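Student: I am new to this structure. Can you show me how to read its helices?

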Amino acid sequence: MCSVINMAKPVQALAFTLCIRSATRSSSHAAAHSRLIRTGVPSSLQPLNVSRRTYCSRAPLEGLFFRQLFESVSSTYTYLLADRGTKEAILIDPVLETVDRDLKLMDELGLTLKMAVNTHCHADHITGTGLLKQRLIVLKSAISKHCGAIADVLLSDGDQITFGNYYLTVRETPGHTDGCVTLVTGDQSMAFTGDALLIRGCGRTDFQQGCPKRLYQSVHQKIFTLPAHCLIYPAHDYKGQTVSTVGEERKFNPRLTKSLQEFVEIMNNLNLPKPAKIDIAVPANLVCGLHEV
């Protein structure tokens, strides 16, 4: 069985431009120059550094298969990514109720699912990872080591999740929960932000170790420092939106364009009802798909 996790140092550079010619690991390391990106970042926060690449206006990751899937009850997006050549695939944020749909699609396309990754311990639905593991013996589960959850692979900042010739880099983005991560493609053209950054919004911070200050810092330091054209794919959307960009959210996000103090005030006064499934979803998700289903 081939490993799908490579331990890597946390990302040390930020690219404002990027070349979408290949997402292979070798090409991602070809760029040697780097510089700081500060656009849209408060002066009190220090952005990350990322290796520089040149940008071409073609579809991102030409050899990558990508599919955005939707579960209507919890308004959850599940993302399927695969190497078109090797047929190795990963699934981000699977939902229990849609496992049959996802397996059918992968079977039709001849894909081999190597890993199911959860961006955090969800409170509004039960992950489909457990049922997937029952159906696919070789499948591994993954979640942040800070979630306090059980999984085959516990992710840390800078880890790389590989499938075929492609990979996603893990960026820790706590604040909605302690264990939130954002997964970024090797060429930084796509970011899967979980609940940390939503389209024109963000995850709530009033339960599961939520902290508005940490969330604000996570988004500004780990997501808003990505290239402006980087596509944002969140874990949820409640208004029918499917995708945004880093540049749009830097400019138009009604919460995260505020000062830190204003953001904290907004988040502390949302007065939202608790998620309907939180009492059953969180205990199940803490064993990250290894629960009885």
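Tutor: Start with axes. An axis is a line fitted to C-alpha atoms, for helices over the stretch in contact, and angles run from 0 to 180 degrees between N-to-C directions. Keep in mind that this is a predicted model.

Student: How are two packed helices described?

Tutor: By the angle between their axes and the distance between the axes. Here, take H4 and helix H6 (residues 260-267). Their axes come within 9 Å and cross at roughly 130°. That makes H4 oblique to H6. The crossing of the two, H4 and H6, is right-handed.

Student: Which residues in H4 and H6 meet?

Tutor: From H4 come Pro212, Lys213, Leu215 and Tyr216. H6 supplies Leu260, Phe263, Val264 and Met267. By class, this contact of H4 with H6 has seven nonpolar residues, no polar ones and one charged residue.

Student: What span should helix H4 have?

Tutor: Count 1.5 Å a residue. H4 has twelve residues, 212-223, so 16 Å should be its span. The end C-alpha atoms of H4 are 16 Å apart, which agrees.

Student: Which residues of H4 are buried?

Tutor: First the general idea. An α-helix has 3.6 residues a turn, so residues three or four places apart point the same way. In H4, the buried residues are Pro212, Leu215, Tyr216, Ser218, Val219, His220, Lys222 and Ile223.

Student: Now aspartate 102: buried or exposed?

Tutor: Buried means under 20% relative accessible area. Aspartate 102 counts as buried because its relative accessibility is 2%. Aspartate 102 lies in helix H2 (residues 99-109). Leaving out residues up to four places away in sequence, aspartate 102 touches Leu69, Thr78 and Leu91.

Key. Residues are numbered from 1 along each chain as its sequence is written. This is a predicted model: local features need pLDDT of at least 70, side-chain atom pairs count only at pLDDT 80 or more; totals for chains, interfaces and linings use all residues. Side-chain values use heavy atoms; hydrogens and water are left out. Helices (H or I, at least four residues) and strands (E, at least two) are DSSP runs, numbered from the N terminus. The expected span of a helix is 1.5 Å times one less than its number of residues. Buried means under 20% relative accessible area, exposed over 50%, partly exposed in between (1.4 Å probe, protein chains only). Contact means heavy atoms within 4.5 Å. Angles under 35 degrees count as roughly parallel, over 145 as roughly antiparallel, 65 to 115 as roughly perpendicular and the rest as oblique. A crossing is left-handed if the near helix is turned anticlockwise from the far one by less than a right angle, and right-handed if clockwise. Ala, Val, Leu, Ile, Met, Phe, Trp, Tyr, Cys and Pro count as nonpolar, Asp, Glu, Lys and Arg as charged, and the others, Gly among them, as polar.
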